[in-house]
Amino acid sequence: MRAFGSPPDLTALKGSYLVSLKTDLGALENLQSEVDFGFAEPRTYEDLRRLAHVQAGNAATFGFEALGLAARAVDVLLSELQGPSDKLAPLIGTWQRELQKACQGG
């Protein structure tokens, strides 16, 4: 049992989080393909925004600050535009690289 006010031990949760990141990476790659090949629909951008939003909220908790910042940039852009933008591809590229690093353990 942890003392009142002490931070929780996230060790067990981090393993599950790392597994979920691999699933998220696959989802991101599929959504990115839709954007790259011109098949993106409004749903594509909403799915990207939702995935980015969740990662932005969770990443720092598990020690992946750069991943959280990259995901937050995509979330903010898509919240404002809700569709295609020339700014989107580089932001997704950074997010994807940070996600790949996190999947490899940091």
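Is Glu46 buried, exposed or partly exposed? Select Glu46: this residue is partly exposed, with a relative accessible area of 31%. Here buried means under 20% relative accessible area, exposed means over 50%, and partly exposed lies in between (1.4 Å probe, protein chains only).

Some ground rules come next. This is a predicted model, where local features need pLDDT of at least 70, side-chain atom pairs count only at pLDDT 80 or more, and totals for chains, interfaces and linings use all residues. Residues are numbered from 1 along each chain as its sequence is written, and side-chain values use heavy atoms, with hydrogens and water left out.

**Stop 1: charges on α2**

A salt bridge is a side-chain nitrogen of Lys or Arg within 4 Å of a carboxyl oxygen of Asp or Glu. Both residues sit in helix α2, four residues apart, about one turn of the helix. Helices are DSSP runs (H or I, at least four residues), numbered from the N terminus. Arg50 is partly exposed at 42% relative accessibility.

Now select Asp47. Asp47 bridges to Arg50, closest N and O atoms 3.0 Å apart. Asp47 also forms a salt bridge with Arg43, again with 3.0 Å between the closest N and O atoms. Asp47 and Arg43 are both in helix α2, four residues apart. Asp47 is partly exposed at 22%, and Arg43 is partly exposed at 38%.

Glu34, Arg43, Glu46, Asp47, Arg49, Arg50, Arg72 and Asp75 are linked in a network of salt bridges. The count of salt bridges comes to eight.

**Stop 2: Glu34**

Select Glu34, in helix α1. A polar contact of 2.7 Å joins the side chains of Glu34 and Arg43. A polar contact is a pair of N or O atoms within 3.5 Å; within protein, one must be able to donate a hydrogen and the other to accept it, and residues adjacent in sequence count only if both atoms are side-chain atoms.

**Stop 3: the rings**

How many aromatic pairs does a search of the whole structure find? The search finds two. Rings of Phe, Tyr and Trp (its six-membered ring) pair if their centres lie within 6.5 Å; planes under 30 degrees apart count as stacked, over 60 as edge-to-face and the rest as tilted. Select Tyr17 and Phe62: their ring centres are 4.3 Å apart and their planes at 15°, so the pair is stacked. Tyr17 is in helix α1 (residues 11-36), while Phe62 is in the loop between α2 (42-58) and α3 (65-81), 45 residues apart. Tyr17 is buried at 8%, and Phe62 is buried at 14%.

Next, pick Ala59, in the loop between α2 and α3. Ala59 is buried, at 0% relative accessibility. Setting aside neighbours within four places in sequence, Ala59 is in contact (heavy atoms within 4.5 Å) with Tyr17, Phe64, Leu67 and Gly68.

**Stop 4: the core**

Finish with Leu48, Leu67 and Trp95. They have the most contacts inside the largest nonpolar core, which has 25 residues. A nonpolar core is a set of buried Ala, Val, Leu, Ile, Met, Phe, Trp, Tyr and Cys residues joined through side-chain atoms within 4.5 Å. Helices α1, α2, α3 and α4 (88-103) each supply at least two residues of this core.

Last, select Ala71, in helix α3. Ala71 is buried at 0%. Not counting residues up to four places away in sequence, Ala71 touches Ala52, Gln55, Ala56 and Trp95.
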